[in-house]
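Here is a guided walk through one protein model.

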Amino acid sequence: MMGPTIEIARDAAEAASVTARHFVALARERGLVPREGAAAAGELHIAVSGGSVATSVVPALVDAGQEAGLDWSRLHVWFADERFVARGHDDRNAVPIVRALRDASGFDEQNLHVTLTSDAGVSLEEAAEAYEQELRETVPALDLVLLGAGDDGHTASLFPGHALVHSPDPARLVAVIRDSPKPPPERLTLTLAAIGDARHVWAVVTGAGKAPAVGRALSEPTPTVSPLGASLHTANGEGRLLIVDELAASQVPGSAR
Ligand code: 6PG
């Protein structure tokens, strides 16, 4: 298995701008940035996470995309994971994402693929099935999954040692978790299979507290020990990118920091 390309930024702000630069390059490559004399083309399907990815990285993507003249109507936004709470609840990862996308001129709200909420009259399992069906019907594979990580090495809502990563159902793209070690307990998450299918998987991980998790992701990238590491390793490592700041990079092998 090959690991990700690693980029070490000075701090969290620089990590967000490095990610934004990669995002604009990908959008350009896929035709979303109009070239001289030619209209924008194509579509880009990205899945985003909560935490600082939602509150800092996605706003940086939006700023950089605005500057580059990206045609936002061609972007589809999905969720790498979402908490199963009521519509409008502050715990939803969708809340900061909706806020950030307000600055993306021309973004089509129809292209924001939110999960069903706990007050929609469906069970958690039904919400996961509906999300999986929507994903399957819309796109063969996600273009980009943008991940964060917790101090424990969880990514999306895939927690180290949890049964969900230990014995995953390879047929599922979206799974439920009812006992998330980090509250709230009920969540939906992309599975490692869905993340593995994506063309690009980028993890943005910053802060000293995450250094051990980053070290494990590179040294022991099994689903049980490090869902973060498992998400970033493939047969050839293509499209896998780990963007860390200097504090989170202290256990990156070969890093002199
Ligand atoms: C959640 C959070 C969580 C978060 C990580 C990293 O669903 O509980 O979204 O998974 O993404 O803990 O958070 P930070 O990037 O803010 O450190």
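The text below takes the helix packing, then the cavity, then the pockets, then the backbone. Remember throughout that this is a predicted model.

Begin with helix α1, which spans residues 12–29. Its partner here is α2, residues 51–68. The axes of α1 and α2 come within 8 Å and cross at roughly 50°. Angles under 35 degrees would count as roughly parallel, and 65 to 115 as roughly perpendicular. The two helices, α1 and α2, are therefore oblique to each other. Their crossing is right-handed. Which residues make the contact? On α1 they are A16, T19, A20, F23, V24 and R28. On α2 they are S56, V57, A60, L61, A64, G65 and A68. By class, this contact of α1 with α2 has nine nonpolar residues, three polar and one charged.

Helix α3 covers residues 94–101. The crossing of α2 and α3 is right-handed. From α2, the residues A54, T55, V58, P59 and V62 take part. They meet P96, I97, A100 and L101 in α3. The contact of α2 with α3 divides into eight nonpolar residues, one polar and no charged.

Rolling a probe the size of a water molecule over the atoms shows where empty space is left. How many cavities of 30 Å³ or more does the structure hold? It holds one. The volume of the largest cavity is about 60 Å³. Its lining is made of F23, I46, V48, V58, L61, V62, W72, L75, V77, I97 and L101. Several of these names have come up already. F23 and L61 belong to the contact of α1 with α2. V58, V62, I97 and L101 belong to the contact of α2 with α3. Four elements each supply at least two residues of the cavity lining: β2 (44–48), α2, β3 (75–79) and α3. The largest share comes from α2, with three residues. Is the lining polar or nonpolar? By class, it has 11 nonpolar residues, no polar and no charged.

The largest pocket holds about 270 Å³ of space. Of the 18 residues that line this pocket, the closest to its centre are G50, G51, A149, H154 and K182. The elements that give two or more residues to the lining are α2 and β4 (81–83). Helix α2 gives the most, with three residues. The lining of the largest pocket divides into four nonpolar, nine polar and five charged residues.

By class, the lining of the second largest pocket has five nonpolar residues, three polar and three charged.

Two backbone details remain. The peptide bond from P183 to P184 is cis, with omega near -10°. Where does P184 lie? P184 is in the loop between β6 (174–177) and β7 (187–190). The other detail is at A156, which has a positive phi of about 45° although it is not a glycine. A156 sits in the loop between β5 (144–147) and α5 (163–166).

Notes:
Residues numbered from 1 in each chain as written. Predicted model: local features only at pLDDT ≥ 70, side-chain atom pairs only at ≥ 80, totals over all residues. Heavy atoms only, no water. 1 Å grid on protein atoms, 1.4 Å probe; cavity = no way out; pocket = protein on both sides within 12 Å on 5 of 7 lines; lining within 4 Å. Points joined across faces, edges and corners; volume = space filled by probe spheres on them. Nonpolar A, V, L, I, M, F, W, Y, C, P; charged D, E, K, R; others polar. Axes fitted to C-alpha atoms, helices over the stretch in contact; angles between N-to-C directions. Parallel < 35°, antiparallel > 145°, perpendicular 65-115°, else oblique. Left-handed = near helix turned anticlockwise from the far one by under 90°. Contact = heavy atoms within 4.5 Å.
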